[in-house]
Amino acid sequence: MHPALSVIFFTAVSGIGYGLLFLIGLVIALDPLAPDPLAALLAIATGAVFAAAGLTSSTLHLGQPQRAWRAFSQWRSSWLSREGVAALCSFAPMLALGALVWRFADALAAQTPSADATLGLRITGLAMAIAATVTVFCTARIYTSLKTIAAWHNGYVLPTYLLLGLLGAAAWLWMLDAIAGARSAAWLRTALPGVIIALAGASWLLKRAYWRFIDSAPSASTPETATGLGRFGTVRGVEAPHTEENYLTREMGFVLARKHSARLRRFVLLALALPPVALALLALLLPLSALVIACAAAVALCVTAATFVERWLFFAEAKHVVMLYYAGARAPAER
């Protein structure tokens, strides 16, 4: 598939943004006194900006962006429409939680919020975490529901979306908390690097398994099954069905040489695992303020860069079954 920049930006940035909203919402739901109020506000604001920027960029890939609003009407049958509805609904608890943290910032900083304030923060945080999870789930289902693209229609894609969003979110939350002065609860300051280490390891394993799967899994559709002539032997086209490039060959038949794919895969696996694990361990062993900020910023940068490259590969390596109709459809496998 043609890796359009707008869709790559959307899936990468919105995934991190909603992951950030999920994490800070979950933390507040578990313990409203744990995060520093400034760090919580920075996390909510950053997540909101990322989510809004990603959703806005997604409209740039539409043929008629001014008609994007019509997608909301198809929520009964379209995961794209459900994603839009979920994204729109998620802004309500997001704004409500930000307003509550702002209102009770002094009480939270002094660890003296009222019982009603604590309950309101818990409920709103949980609502935001659920809304963020549903939105990212719908985004992933847009791709996993497409049976015509084998690289997407499998059990690895959905957990990969969720896991990479969480890893990027944990890295950004760690950095924002460190920049805010690391005045959060001790358990949260210790938990964030530990969560990053666990998520980095899981992401590395999952992406490696995904790439092994798409490299080795046999194609569900072939010229023989598509034409029903397989019982007679191998089916080959007599001549090409076109004389020049068209929309399908541009959008559905993007070719990525194996040598480039292998290099980019190695970069993703390295950036997802080595810097996050090493720097998180360093920060745990030497919890100096300046060092923690530097480590957290480096981890956020590495994970974000790896996520963008992983998203590019996600689209570039996918092949639509319609390319079986065109001459050279099997070329990518021969490179």
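Student: By class, which residues make up the lining of the largest cavity?
Tutor: This is a predicted model, where local features need pLDDT of at least 70, side-chain atom pairs need 80 or more, and totals for chains, interfaces and linings use all residues. A cavity is a set of points on a 1 Å grid over the protein atoms alone where a 1.4 Å probe fits but cannot get out, and lining residues have an atom within 4 Å of a point. Ala, Val, Leu, Ile, Met, Phe, Trp, Tyr, Cys and Pro count as nonpolar, Asp, Glu, Lys and Arg as charged, the others as polar. The lining has 4 nonpolar, 4 polar and 2 charged residues.

Student: Which helix gives the largest share of that lining?
Tutor: The lining includes Thr11, Tyr161 and Glu310. H1, H6 and H11 each give two or more residues; helices are DSSP runs (H or I) of at least four residues. The largest share, 4 residues, comes from H1.

Student: How many residues does H1 give to the second largest cavity's lining?
Tutor: Phe10, Ser14 and Thr135 are among the residues lining that cavity. H1 and H5 each supply two or more. H1 gives the most, with 5 residues.

Student: Is Arg141 buried, partly exposed or exposed?
Tutor: Residues are numbered from 1 along each chain, and side-chain values use heavy atoms, without hydrogens or water. Arg141 lies in H5, residues 115–144. Buried means under 20% relative accessible area, exposed over 50% (1.4 Å probe, protein chains only). Arg141 has 23% relative accessibility, so Arg141 counts as partly exposed.

Student: How far apart are the C-alpha atoms of Arg141 and Trp152?
Tutor: Arg141 and Trp152 are 11 residues apart along the chain. Their C-alpha atoms are separated by 9.4 Å.

Key: 1 Å grid on protein atoms, 1.4 Å probe; cavity = no way out; pocket = protein on both sides within 12 Å on 5 of 7 lines; lining within 4 Å.
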